[in-house]
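Subject: Structure handover

Hi,

Here is the structure for you to look over. My notes follow below it.

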Amino acid sequence: MFFAEKTLEPPRSLWQFSGVKIILAGGTGFIGRALLRRLLDDGHDVVLLSRSAHPFTGFHHDRLRTVAWDGQSPGEWTRQFDGADAVVNLSGAGIADGRWSAGRKRLLVESRLKSTHALVTAMLGARPKPQVFVCASAVGYYGDVPSGEVAESAPQGRDFLADLCGQWEKAAMEAQELGVRVVCARIGVVLALEGGALGKFIPPFKAFIGGPLGSGRQAFPWIHRDDVAGAIAHLISNKHVRGPVNLTAPETLTMRQFCDELGRAMRRPSWLPVPGFALRLLLGELAGMVLTGQRAVPAKLAQSGYAFKYPHANQALAEIFAHA
Ligand SMILES: NC(=O)c1ccc[n+]([C@@H]2O[C@H](COP(=O)([O-])OP(=O)(O)OC[C@H]3O[C@@H](n4cnc5c(N)ncnc54)[C@H](OP(=O)(O)O)[C@@H]3O)[C@@H](O)[C@H]2O)c1
């Protein structure tokens, strides 16, 4: 059996197993597509919950089934939960997709809380119940931490993102009441060529006008997208890990150091800082997300034996730009 209880066994790794049934919500997104590929490559059966009936035109896989849901209320899709081993939630409206007006903030919060509540409700009716629920969160949970390392035991911050992450994790933790192991993946800045933060850094660097945002002294808690997928696979299979887990690379960098690495990888200078006040004028409160940071360290991933594919930023960026 996939999740057999044997106390003296070392933590098991997912890739020793195949054919596990995993429900994946938000699997059409930037992180979700990489995780989906990883889970299918590992031989698992994935039920993808999407608000779109046909999210991937032209892509078929024997082990992938797409089921429509609305991301907020129970429906036919909950039947898929019978016999599911794991549930992963990566749903939510894009945090950096627009200025944080009151309406936008409401959408950012509600899209995460409602999707999480709907998944937990579906778990309640499942026979048998899934063993594990991995729900996305973010290192924004900690708010701005100007100095020192930030492990999972660090306190919650006080800004909008910290509050959003706190509410989101609380909603996910409700699945614990059902006997489900819950992991809240506090994800850092995810790096891949196709989008995310890097998608915004690349154009100015290409045009020889790249440089750090703001003072450059704020922490930049990065992680390669393959390691996010690998870490989530690890968290699904490792029954000893629960609660909040930082998904960030072991090498901690400041914004300036990251931009220096990016410049080297792109063979471009990193010289032109974008002043904080200009970003605040352009982006409003959203600018705070890039002008502040926290040196989040992957303490629980390290303790549980996760082996990073890209522990150093120069390796991660070299891999990313090898395909550019
Ligand atoms: N990317 C990062 O650097 C990063 C860092 C920290 C945390 N995170 C968190 O990790 C999760 C995944 O990130 P991502 O970058 O992959 O996000 P993404 O590309 O924006 O994808 C999120 C997915 O959520 C679904 N979605 C979008 N709007 C929704 C709404 N209003 N209600 C319900 N579902 C909605 C979409 O799937 P369908 O259209 O198929 O339903 C979409 O593919 C997000 O919650 C994000 O906040 C990301």
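Is arginine 267 buried or exposed, and how many other C-beta atoms lie within 10 Å? Arginine 267 is exposed, because 8 other C-beta atoms lie within 10 Å. The scale is this: a residue is buried if 20 or more other C-beta atoms lie within 10 Å of its own, exposed if 12 or fewer, and partly exposed in between, with C-beta atoms placed from the backbone.

Two points before you read on. This is a predicted model, in which local features need pLDDT of at least 70, side-chain atom pairs count only at pLDDT 80 or more, and totals for chains, interfaces and linings use all residues. Residues are numbered from 1 along each chain as its sequence is written.

Overall picture

The protein has 10 helices and 13 strands. These are DSSP runs, numbered from the N terminus: helices are H or I with at least four residues, strands are E with at least two. The radius of gyration is 19 Å, close to the 20 Å that the globule rule gives for 324 residues, so the protein is as compact as a globular protein of that length. That radius is taken over C-alpha atoms, and the rule is 2.2 Å times the number of residues to the power 0.38. The C-alpha trace spans about 55 × 45 × 40 Å along its principal axes. Of the 324 residues, 48% count as buried. A contact here means two C-beta atoms, placed from the backbone, within 7 Å.

Ligand shell

The ligand is surrounded by 26 residues. The closest are Gly29, Ser50, Gly71, Gly92 and Val190. A residue counts as near if its C-beta atom, placed from the backbone, lies within 6 Å of the molecule. Elements giving two or more residues to this shell are α1 (30-41), α2 (102-125), β5 (132-138), β8 (189-191) and α4 (196-206). The largest share comes from α1, with three residues. By class, the shell has 12 nonpolar, 13 polar and one charged residues.

Strands

Five of the five residues of β1 (residues 21-25) are buried, so this strand is largely enclosed by the rest of the structure. Both of its faces are covered: Lys21, Ile23 and Ala25 lie on one side, Ile22 and Leu24 on the other. β1 runs parallel to β2 (residues 45-50), and five bridges join them. Strands pair if DSSP finds at least two bridges between them. Isoleucine 23 has valine 47 of β2 as its bridge partner.

β11 (residues 243-247) is mostly covered, with four of its five residues buried. Five bridges join β11 to β7 (residues 181-187), and the two run parallel.

Helices

In α5 (residues 225-237), 13 of the 13 residues are buried. Its length checks out, because 13 residues at 1.5 Å each should span 18 Å and the end C-alpha atoms are 19 Å apart. The expected span is 1.5 Å times one less than the number of residues. For α3 (residues 160-173), 14 residues should span 20 Å, and the end C-alpha atoms are 20 Å apart, which agrees. The buried residues of α3 include Leu161, Leu164, Trp168 and Glu169. Among the elements covering them are α2, β5, β7, β11 and α8 (288-291).

Arginine 106 lies in α2. Arginine 106 is exposed, because 11 other C-beta atoms lie within 10 Å. Its C-alpha atom is 9.9 Å from that of leucine 164, which sits 58 residues away along the chain.

Backbone geometry

A cis peptide bond joins arginine 127 and proline 128, with omega about -15 degrees. Proline 128 is in the loop between α2 and β5. Phenylalanine 208 is not a glycine, yet its phi is positive, near 65 degrees. It sits in the loop between α4 and β9 (219-220). Phenylalanine 208 is exposed, with 12 other C-beta atoms within 10 Å. Arginine 267 also has a positive phi, about 55 degrees, although it is not a glycine. Its place is the loop between α6 (255-266) and α7 (276-283).

Best regards

Notes
Ala, Val, Leu, Ile, Met, Phe, Trp, Tyr, Cys and Pro count as nonpolar, Asp, Glu, Lys and Arg as charged, and the others, Gly among them, as polar.
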